[in-house]
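Please examine the structure shown below alongside its sequence. The paragraphs that follow lead through its ring pairs, its core, its helix packing and its backbone angles.

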Amino acid sequence: MTAERVNLNSGGAMPLLGFGTWQLRGDAAYRAVLAALEAGYRHIDTATMYGNEDEVGRALRDSGVPRDDVFVTTKLPPERAGREDETLAASLRALGLDAVDLWLIHWPPRGSVAVWERFVAARQDGRARAIGVSNYDLGEIDELTAATGVTPAVNQIRFGPALYDPKLVAGHRERGVVVEGYSPFKTTNLRDRTLVRIAEAHDADPARVVLRWHVQRGIVVIPKSARPERIARNLDLSFALTEAELTEIDALAGR
Ligand SMILES: NC(=O)c1ccc[n+]([C@@H]2O[C@H](COP(=O)([O-])OP(=O)(O)OC[C@H]3O[C@@H](n4cnc5c(N)ncnc54)[C@H](OP(=O)(O)O)[C@@H]3O)[C@@H](O)[C@H]2O)c1
């Protein structure tokens, strides 16, 4: 289990490891999120678009884990631009929360700045403890900062060793934006010989090596699984990769 956190530019911190919930619907979503909370995850990633906020909310309540021990993220679909407040209200109702820990713009909408202004207002009125974006490039982030003076706390982007770009990571760091990676397994060949060898050296498996690499690189990672045994195993990151191993994994991007 990893309890490591990363600080956000607006205050507070988020756990580097979270549980992804895309493509989990209905009872499967409820069971997977409950299993994740019981296994020890304290960070759940959902979205209006995933259609599972009700089930996430029910699992949060049934788990008995205190509200403030769990970091909850949801996302506004770009087609809800102009209806931000009602969409956030619906998310909060479904999740059974007074505030989300992080509210993201799921993709850049047309009129991104106007949407961002509504996000800034939601942070000010306390319904979103932190605000950020997803699938933005650095230029799009700079546009929001220039227009409002508020820089997104997080950018959630497709990420994994094969997509590792130190310049992109540094560009986010310079701006004070946390990189949150999604689809860590879908973007990785889990049979890659380097990952298999490093996994064997730590009595781990390639999936956990990928997750551990994110954590040691300071990148938030949110693996999804519907299977209780994988949900629990993906959380077991109690080993440390060496600098040489981290560098070898960096090199899988072939840059
Ligand atoms: N912001 C965005 O636009 C965006 C886009 C995509 C995803 N996301 C977020 O990121 C989360 C993670 O991304 P993702 O769901 O696309 O993909 P992922 O977490 O990279 O991969 C999930 C797949 O990997 C399998 N898996 C899980 N643990 C495994 C293990 N230990 N070994 C081998 N296979 C394993 C799962 O199968 P089983 O379920 O059968 O275990 C599932 O098929 C999403 O759930 C969502 O919360 C955000």
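Helices (H or I, at least four residues) and strands (E, at least two) are DSSP runs, numbered from the N terminus. This is a predicted model, in which local features need pLDDT of at least 70, side-chain atom pairs count only at pLDDT 80 or more, and totals for chains, interfaces and linings use all residues. Residues are numbered from 1 along each chain as its sequence is written, and side-chain values use heavy atoms, with hydrogens and water left out.

Helix H2 spans residues 53–63. Its buried residues are Glu-53, Glu-55, Val-56, Gly-57, Ala-59 and Leu-60, where buried means under 20% relative accessible area, exposed means over 50%, and partly exposed lies in between (1.4 Å probe, protein chains only). The cover over these residues includes H1, strand S4 (43–45), strand S5 (71–76) and helix H3 (84–95). After H2 comes Gly-64, with a positive phi near 75 degrees.

Rings of Phe, Tyr and Trp (its six-membered ring) pair if their centres lie within 6.5 Å; planes under 30 degrees apart count as stacked, over 60 as edge-to-face and the rest as tilted. Six aromatic pairs are counted by this rule. Trp-116 and Phe-119 are a stacked pair, because their ring centres are 6.0 Å apart and their planes lie at 25 degrees. Both residues belong to helix H4 (residues 112–124), three residues apart, about one turn of the helix. An α-helix has 3.6 residues a turn, so residues three or four places apart point the same way. Trp-116 counts as buried because its relative accessibility is 0%, and Phe-119 counts as buried at 0% relative accessibility.

Which parts of the chain does the pair of Tyr-164 and Trp-213 link? The two rings are edge-to-face, 5.3 Å centre to centre with 80 degrees between the planes. Tyr-164 is in the loop between strand S8 (154–158) and helix H6 (166–175), whereas Trp-213 is in helix H8 (residues 206–216), so that distant parts of the chain, 49 residues apart, are linked. Tyr-164 is buried at 10% relative accessibility, and Trp-213 is buried with a relative accessible area of 0%.

Ring pairs also join Trp-103, Trp-116 and Phe-119 into a cluster. Elsewhere, the charged end of Arg-58 sits over the ring of Tyr-30, 4.1 Å from its centre; this description requires NZ of Lys or CZ of Arg within 6 Å of the ring centre and within 35 degrees of the ring normal.

The largest one has 80 residues, and Phe-19 and Trp-116 have the most contacts inside it. Helix H1 (residues 26–39) gives the most to this core, contributing eight residues. In soluble globular proteins, nonpolar side chains tend to be buried together.

Helix H8 is mostly covered, with 10 of its 11 residues buried. These buried residues pack against H7, strand S10 (220–221), helix H9 (228–233) and helix H10 (243–250), contact meaning heavy atoms within 4.5 Å. The axes of helix H7 (residues 193–201) and H8 come within 8 Å and cross at roughly 90 degrees. Axes are lines fitted to C-alpha atoms, for helices over the stretch in contact, and angles run from 0 to 180 degrees between N-to-C directions. H7 is therefore roughly perpendicular to H8, given that angles under 35 degrees count as roughly parallel, over 145 as roughly antiparallel, 65 to 115 as roughly perpendicular and the rest as oblique. Leu-195, Val-196, Ile-198 and Ala-199 of H7 make the contact with Pro-206, Val-209 and Val-210 of H8. Just after H8, Gly-218 takes a positive phi of about 75 degrees.

Most residues other than glycine have a negative phi, and most peptide bonds are trans. Asp-203, although not a glycine, has a positive phi of about 55 degrees. Asp-203 lies in the loop between H7 and H8 and is exposed, with a relative accessible area of 71%. Gln-23 likewise has a positive phi, near 75 degrees, and is a residue other than glycine. Gln-23 is found in the loop between strand S3 (19–20) and H1 and counts as partly exposed at 48% relative accessibility.

Note on methods. Core = buried A, V, L, I, M, F, W, Y, C linked by side-chain atoms within 4.5 Å.
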